[in-house]
Amino acid sequence: MRILSNSLVDGQPIAQKYAFGVPDEENHMAFGPNKSPHIAWQDLPAGTKSLAIICHDPDAPSSAEDVNREDKEVPADLPRVDFYHWLLVDIDPQLGELAEGAYADGVVPGGKRDTSAPNGARQGVNDYTDFLAGSEELSGVYYGYDGPCPPWNDSIAHRYVFTLYALDVERAPVEEGFRGAELLEAIRGHILAQDCITTTYSLNPRVPA
């Protein structure tokens, strides 16, 4: 099984057009184009009935104390945790690919509300829901894809891992509002194969992506 993409290159920085946040000289960060990337697949194992996609950042700070502060950088040795950017299930294997921008095209303040997706797929809740919960302008439930926006003062570049799973069920055993860890646990016994593309991104001008 292979995951393919016209948008992503394994081991290379992700383009800004797929990012939630892009560099801004005055404010450090501005909203980006936030397009969902092109994803395709080949050589699925026999018995594949659906596909799932999870994009996560394993480098999110475990503490927000120093995040986006003018007087500090987030230290490299701070313990890191997973931040889920995209949860998509019930993808028809016969599609062969997902077009760029089909699942997100721009930042939606407060989050995209539609749990459904093209071609009968379903979208989970990404972790901007928690990260932006304290913002009057941006708080809400964020379904579907929202791309990279690491702290602009982080001392490390973040990784963004796009993993495609071939499953032996037509419908993933999760219900509306599912989250990343919940999805991983639910599909654990149904995974026939998986493959991933890992990209990088940074908003800190002192840190190369």
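R206 is exposed, with a relative accessible area of 61%; here exposed means over 50%, buried under 20% and partly exposed in between, with a 1.4 Å probe and protein chains only. The model is predicted, so that local features need pLDDT of at least 70 and side-chain atom pairs count only at pLDDT 80 or more, whereas totals for chains, interfaces and linings use all residues. Residues are numbered from 1 along each chain as its sequence is written, and side-chain values use heavy atoms, with hydrogens and water left out.

The side chain of R206 meets that of E73 in a salt bridge, at 2.9 Å from N to O; the term denotes a side-chain nitrogen of Lys or Arg within 4 Å of a carboxyl oxygen of Asp or Glu. Because E73 lies in the loop between β5 and β6 and R206 in the segment after β10, the pair ties together parts that are 133 residues apart in sequence. Helices (H or I, at least four residues) and strands (E, at least two) are DSSP runs, numbered from the N terminus. E73 itself is partly exposed, at 32% relative accessible area. Salt bridges that share partners also join D66, R69, D71 and K72 into one network.

A search of the whole structure finds 14 salt bridges. One of them links K35 and D105, whose closest N and O atoms are 3.1 Å apart. Since K35 lies in the loop between β3 (28–31) and β4 and D105 in the loop between β7 and β8 (122–123), this pair ties together parts 70 residues apart in sequence. K35 counts as partly exposed at 24% relative accessibility, while D105 is exposed at 55%. Another salt bridge is formed by the side chains of R159 and D59, at 2.7 Å from N to O. That pair links distant parts of the chain, with R159 in strand β9 and D59 in strand β5, 100 residues apart. R159 is partly exposed, with a relative accessible area of 40%, but D59 counts as buried at 5%.

The largest nonpolar core has 37 residues, and those with the most contacts inside it are I53, W86, L88, I91 and F162. Such a core is a set of buried Ala, Val, Leu, Ile, Met, Phe, Trp, Tyr and Cys residues joined through side-chain atoms within 4.5 Å. Two or more residues of this core come from each of β4, β5 (50–61), β6 (80–91), β9 (158–167) and β10 (191–201). A second, separate core of 14 residues includes V89, A172, L183 and I187. Residues up to four places away in sequence being left aside, W86 touches, among others, I39, I53, Y103, Y145 and F162, where contact means heavy atoms within 4.5 Å.

Three strands form an open sheet in the order β1-β4-β7, with antiparallel pairing; two strands pair if DSSP finds at least two bridges between them. Its edge strands, each pairing on one side only, are β1 (2–4) and β7 (97–98). β1 and β4 (residues 39–42) are joined in the antiparallel sense over three bridges, and A40 in β4 is the bridge partner of L4.

Of the 28 residues that line the largest pocket, the closest to its centre are F83, Y128, F131, C149 and P151. A pocket is an open set of points on a 1 Å grid over the protein atoms alone, where a 1.4 Å probe fits, with protein on both sides within 12 Å along at least five of seven lines; lining residues have an atom within 4 Å of a point. β6 gives the most to this lining, with four residues.
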